Every structure is written in C-alpha cells, then in structure tokens.
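Visitor: I would like to understand how the words used for a protein model follow from its values. Could you show me the structure and then take my questions in turn?

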Amino acid sequence: EPAGAVPANRAGAAVGRVALVGAGPGDPELITVKGWRLLTEADVVVADRLVPGLLLDELRPDVELVDASKIPYGPARAQEEINRILVDRALAGKVVVRLKGGDPYVFGRGGEELLACAEAGVPVTVVPGVTSAIAVPAAAGVPVTHRAVAHEFTVVSGHVAPDSPASLVRWDALAGLRGTLVILMGLKNLAAITATLIEHGRPAETPAAVVQEGTTGGQRVLRSTLGAVARDVVAAGLRPPAVVVVGDVVDALAPAEAGPRGVEAAPDHPA
C-alpha cells in the first residue's frame with residue numbers, strides 16, 4: 001500500500017478509525033485533552049459502565065452511543081461483540097471511540113480490542129488515561145510512593161481468588177515486598193487476599209485503606225489494617241468500584257493525632 005494511502009474496505013470505501021480512550025478514574029475533568037477532542041469528533045462511542053456520565057452528556061445528539069455493559073453475553077462473548085462493533089462501524093467509515101474507565105491497558109482489555117482492529121485493517125489510536133491505581137489513592141490522601149517510606153509500588157488485579165487455578169498472581173511473593181500494594185477489583189476476594197498476604201509474612205498491622213468511587217462526589221475512604229480491613233469493609237458497607245492500598249504510605253500524610261480509624265466521606269467535590 002503506498003505511503004499516505006487511506007485504508008479502504010473490500011468495497012473500496014474509505015475505512016474509519018478507532019480510538020481507545022482512557023476516561024480516567026471517575027472525575028470527568030480527569031480525561032486527557034486528546035481524549036476529549038476525539039470524543040467531540042466521534043460518530044460512534046462504545047462506553048464502559050465506569051465512564052463518567054457527564055462525558056456522555058456532552059456528546060453530539062447524532063452520535064451512536066453503545067453501552068458496553070449491557071451487551072447480553074458472558075464476559076468472553078461480550079468482548080467478542082464489542083470487538084465486532086468497533087470493527088464493523090470503522091469499516092463502514094465511522095470514527096469510533098472506545099471509551100474505557102481508567103487507562104485502556106490497565107486491566108481494561110484494550111490490547112484485545114487493538115488486536116481485533118489490526119486484524120481487520122482498521123487504524124487505531126491509543127490515548128492513555130489516568131489510572132485509578134494511582135489517582136484514587138492520591139484523591140484519598142495516599143501517595144503510592146513516599147520518600148523513606150516506599151520505593152516501589154505494585155498494581156495487581158484481585159478479581160480472581162488467590163487459591164484459584166486461574167490466578168496468575170504470586171501472592172506469596174507480593175507478601176514479601178516492603179513497598180505499596182495496590183489492588184484493583186479486589187473487594188469480593190478481599191478476605192482471602194489479606195489472609196494470604198498475612199500467611200506469607202506481611203504483618204497484620206500493616207496500614208491499609210479502601211477507597212470507594214475515588215475522585216468522585218461519592219468517594220468514601222476506609223482506613224484500617226491488613227488484618228482487619230476485610231471485616232471493616234463489610235461493616236462499613238463499602239462496595240465496588242473500590243481500590244485497596246496496603247502499605248505504610250497509607251499513614252504517610254496522616255497527622256500523628258489522626259484519631260480512630262474509620263470511614264471518611266468525600267470532601268466537597270466540584271463534580
């Protein structure tokens with residue numbers, strides 16, 4: 001194909017394009033400028049459940065909006081259907097934005113969508129997003145690293161239980177680290193995760209925090225310890241989406257006289 005040629009489908013019509021855009025952690029103002037510009041140019045938007053509604057409210061009235069969370073299949077089939085929609089709309093000449101919570105490549109299956117488009121000859125632009133793994137702790141006053149406290153941080157998915165044959169995570173190795181552990185999608189398995197970390201050597205008194213709906217007006221922050229956090233989450237009624245942080249950074253910015261641990265509501269939020 002000559003340099004600069006416009007991709008075409010089998011009928012010879014110009015092919016559209018797909019942009020995989022990270023919408024950020026929840027606050028609609030945390031989308032990137034590039035991501036916002038591509039949204040304004042879109043003919044079709046395929047959106048995740050966790051995408052801020054205010055972003056979708058600003059779409060042009062003629063934009064086709066596909067709610068990816070309502071595609072009626074199991075997880076694998078639903079992803080196949082999303083891939084098909086992206087490819088079909090782009091081959092029809094449309095500008096398609098796949099709008100994903102956080103960053104497209106942080107447990108977002110963006111790589112699968114890029115591969116599906118590449119196999120069909122559809123050009124793809126990837127727009128990184130602000131990941132909840134860093135932004136949500138920050139919004140709760142927890143830096144994932146801090147001088148003389150943590151020189152490393154590890155981000156791990158907790159959606160598969162530690163004792164499951166499907167788990168790809170070496171929880172025993174993570175327990176031996178001294179730095180910060182950030183767990184995404186881990187609320188359902190939190191009791192098993194914390195027990196496994198303690199079993200393999202992470203002290204039960206290690207500070208821990210859980211942040212629900214971080215960066216939004218619904219933000220709630222629970223401060224606890226590794227040994228108690230799973231029980232405290234149940235008692236407080238916290239629910240997904242939530243980010244779990246384990247490590248001394250949880251207390252790094254807290255005043256010494258912080259008082260009893262518990263749940264903090266969100267501060268006043270412009271959104």
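Visitor: Why are H3 and H4 called oblique to each other?

Guide: In this predicted model, helix H3 (residues 75-91) and helix H4 (residues 110-119) pack at an angle of about 45 degrees, and their axes are 9 Å apart. Angles under 35 degrees count as roughly parallel, over 145 as roughly antiparallel, 65 to 115 as roughly perpendicular and the rest as oblique, and therefore H3 and H4 are oblique to each other. The axes are lines fitted to C-alpha atoms, for helices over the stretch in contact, and the angles run from 0 to 180 degrees between N-to-C directions. The helices themselves (H or I, at least four residues), like the strands (E, at least two), are DSSP runs numbered from the N terminus.

Visitor: Which residues of H3 and H4 make the contact?

Guide: From H3 come Gln79, Ile82, Asn83, Leu86 and Val87, and from H4 come Glu112, Glu113, Ala116 and Cys117, where contact means heavy atoms within 4.5 Å. By class, the residues of this contact divide into five nonpolar, two polar and two charged. Here Ala, Val, Leu, Ile, Met, Phe, Trp, Tyr, Cys and Pro count as nonpolar, Asp, Glu, Lys and Arg as charged, and the others, Gly among them, as polar.

Visitor: What makes H7 and H8 roughly antiparallel?

Guide: The axes of helix H7 (residues 190-199) and helix H8 (residues 229-236) come within 8 Å and cross at roughly 160 degrees, and H7 and H8 are therefore roughly antiparallel to each other. The contact is made by Leu190, Ala191 and Thr194 of H7 together with Val229, Ala230 and Val233 of H8. Sorted by class, this contact has five nonpolar residues, one polar residue and no charged residues.

Visitor: How do you know that Ala90 counts as buried?

Guide: A residue is buried when its relative accessible area is under 20%, exposed when it is over 50%, and partly exposed in between (1.4 Å probe, protein chains only). Ala90 has 0% relative accessibility, so it counts as buried. Ala90 lies in helix H3, and, leaving aside residues up to four places away in sequence, it touches Val15, Gly16, Arg17, Val18, Val96 and Val122.

Visitor: Is Ala68 buried or exposed, and what makes it so?

Guide: Ala68 has a relative accessible area of 11%, and so it is buried. Ala68 is found in the loop between strand E3 (64-67) and H3, where it touches Val46, Ala47, Asp48, Ile82 and Arg98, not counting residues up to four places away in sequence.

Visitor: Why is Leu65 called partly exposed?

Guide: The relative accessible area of Leu65 is 45%, and therefore Leu65 is partly exposed. Leu65 has its place in strand E3, and, residues up to four places away in sequence not being counted, it touches Val45, Ala47, Leu56 and Leu59.

Visitor: What is the phi of Arg109, and where is Arg109 found?

Guide: Phi of Arg109 is near 60 degrees, which is a positive value in a residue other than glycine, and Arg109 is found in the loop between strand E4 (95-100) and H4. With a relative accessible area of 35%, Arg109 is partly exposed. Glu213 also has a positive phi, about 50 degrees, although it is not a glycine, and its place is in the loop between strand E8 (207-212) and strand E9 (220-225). Glu213 has a relative accessible area of 23%, so it is partly exposed.

Visitor: Which residues does a cis peptide bond join?

Guide: The cis bond joins Pro240 and Pro241, with omega at about -5 degrees, and Pro241 lies in the loop between H8 and strand E10 (242-246).

Key: Residues numbered from 1 in each chain as written. Predicted model: local features only at pLDDT ≥ 70, side-chain atom pairs only at ≥ 80, totals over all residues. Heavy atoms only, no water.
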